[in-house]
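User: Please take me through some local features of this model, with the cut-offs behind each term.
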Amino acid sequence: MLTGFIGDIHGNIDALEAALETLRAHRVERIICTGDIVGYGACPRECIDLVHQLGIPSVLGNHDHYTTQIGGDWAIRPAAKHAIRWTQAHLERDYVDWLATLPLTLDFGSFTVRHASHVWFPEWPYVIHRREVIQHLLFQPRRLCFNGHCHAPVRISHRAGKPISVDSLGNLLLPRNQRLTIGVGSVGQPRDGDWRAAVVIFDESREFIRLLRVPYPVEKARQRILDAHFPSELADRLLVGH
Ligand SMILES: [Fe+2]
């Protein structure tokens with residue numbers, strides 16, 4: 001089974017279309033989303049439509065969750081808050097209701113999918129620091145988990161009796177006797193210094209994970225954000241992948 005992973009789309013339809021086209025070209029048999037379909041970007045409705053129409057299963061991301069909290073307030077940066085409030089104002093009720101149906105966890109038997117940590121809700125810590133990584137791995141029910149949230153492709157691995165390691169993700173043959181969490185990076189707002197959309201392909205029969213970076217019309221996505229009168233930092237960061 002070839003599975004494609006997308007996540008942290010963040011209302012960036014230009015990046016999402018390019019990512020899906022690449023996954024189709026690689027003949028993946030299914031696509032799974034690690035959450036944050038909306039927030040930051042100017043096309044939340046278009047992104048929800050595409051994920052929904054293609055029947056792509058998705059977990060709940062923190063921005064998806066915030067969007068369902070009409071009148072809510074959150075400990076996030078002002079620009080992110082501005083985008084959430086704009087998204088709430090521009091999505092019809094049935095889109096918001098659909099976001100509210102997204103599960104926190106998807107379990108596919110051999111692996112789980114979660115937006116951030118397997119432990120924390122409604123907090124959304126980044127699973128890259130020691131304390132959060134240890135707690136996440138303790139509660140990770142399968143050997144393998146795919147997550148998002150960090151907006152950078154990350155590999156967390158742990159072998160009994162050895163220190164936990166957190167590294168950038170590259171192509172990877174799954175090591176035996178290790179518990180792994182694979183951060184699939186971000187389609188719509190990468191933060192690892194590479195502006196291209198990140199997608200991951202998991203070949204389950206060969207136990208091989210492949211990271212792909214997909215160029216997309218980033219200037220178009222940037223202009224959409226400026227046209228929606230978001231803080232310009234949300235537009236400009238797309239160009240540098242940060
Ligand atoms: Fe995100």
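**Contacts, a helix and a sheet**

Analyst: Gln 135 touches Ser 117 and Val 119, leaving aside residues up to four places away in sequence, where contact means C-beta atoms, placed from the backbone, within 7 Å. This is a predicted model, in which local features need pLDDT of at least 70 and side-chain atom pairs count only at pLDDT 80 or more, while totals for chains, interfaces and linings use all residues. Residues are numbered from 1 along each chain as its sequence is written.

User: Is Gln 135 buried or exposed, or partly exposed?

Analyst: A residue is buried if 20 or more other C-beta atoms, placed from the backbone, lie within 10 Å of its own, exposed if 12 or fewer, and partly exposed in between. Because Gln 135 has 16 C-beta neighbours inside 10 Å, its class is partly exposed.

User: Which residues of H4 are buried, and over what arc around the axis?

Analyst: Helices (H or I, at least four residues) and strands (E, at least two) are DSSP runs, numbered from the N terminus. In H4 the buried residues are Ala 83, Ile 84 and Thr 87. They lie on the same side of H4, because the arc they cover, taken from the directions from the helix axis to the C-beta atoms, is only 100 degrees.

User: Which strands stand at the edges of the five-stranded open sheet?

Analyst: The order is S2-S1-S10-S11-S8, with mixed pairing, where two strands pair if DSSP finds at least two bridges between them. Each edge strand has a single partner, so one side is left without a neighbour in the sheet, and these strands are S2 (30-33) and S8 (172-173).

Notes:
Contact = placed C-beta atoms within 7 Å.
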